[in-house]
Amino acid sequence: MYIGLDARTLIGDRTGVGNYLKNILEAGVFDGHRVSLYYWPRSGRSLPTLDIPETTSVRWEPVELPFVTALLPYPLGVIWWVNVSLPRALSSDNIDCFFAPNFVQPLWYNGPSVAVVHDLAHIEAANTHTFAYRWYLRIFLAATIKRANHIVVVSQHTKQDILKYYDVDPDDIT
């Protein structure tokens, strides 16, 4: 199977989602598959060294933003990258499944997908996030939960929160 991953969180200062993605890649979760790690190449950021099993075929795929978007503020650039630039790359590469480790999948990607939801802190602890980030997740996470073929959660608590706030079949959540 050919799997495409949003690998932006592996680049630069790695936080929780980036560490999660690094750990599952190195643990061999995608063992035996072809994997493309899609990222937004921004100046001064180098690709990390990963200790991925030899039976996993991995390649880094830079996905640039169009020149006309260069003047967009960073958050709008991210929204453009995820929803326009990334799905174009996924489509041209004919991936079999998209893996979204960071809550959201592209709105304009219609292929099979698996999304990871780490928490619903933007709802459960709204004061810990900016208004803009809460808005972003309310729109894009809701669309992802509705459209993803499967949702992976990191805890039963997160699964219960998803079932509380979204209309989703419990069997579609692991």
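1. Let's start with a definition: a residue is called buried under 20% relative accessible area, exposed over 50%, and partly exposed in between (1.4 Å probe, protein chains only). By that rule arginine 88 is exposed, with a relative accessible area of 56%. Arginine 88 sits in helix α2; helices here are DSSP runs (H or I, at least four residues), strands are E runs of at least two, and both are numbered from the N terminus. Between the C-alpha atoms of arginine 88 and tyrosine 109 there are 8.3 Å in space, while the two are 21 residues apart in sequence.

2. Before you read on, please note that this is a predicted model, in which local features need pLDDT of at least 70, side-chain atom pairs count only at pLDDT 80 or more, and totals for chains, interfaces and linings use all residues. Residues are numbered from 1 along each chain as its sequence is written, and side-chain values use heavy atoms, with hydrogens and water left out.

3. Now for the charges. Side chains of opposite charge can pair when their charged atoms come close. A salt bridge here is a side-chain nitrogen of Lys or Arg within 4 Å of a carboxyl oxygen of Asp or Glu, and the count comes to five. One of them joins arginine 8 to aspartate 6, with the closest N and O atoms 2.7 Å apart. Arginine 8 is buried at 16%, and aspartate 6 is buried too, at 3% relative accessibility.

4. Arginine 59 is partly exposed at 36%, as is aspartate 93 at 22%, whereas glutamate 61 counts as buried at 18%.

5. The lysine 159 side chain does reach the backbone oxygen of isoleucine 173, at 3.5 Å. Setting aside neighbours within four places in sequence, lysine 159 is in contact (heavy atoms within 4.5 Å) with Val153, Pro170 and Ile173.

How values were computed
Polar contact = N/O pair within 3.5 Å; in protein donor to acceptor, adjacent residues only side chain to side chain.
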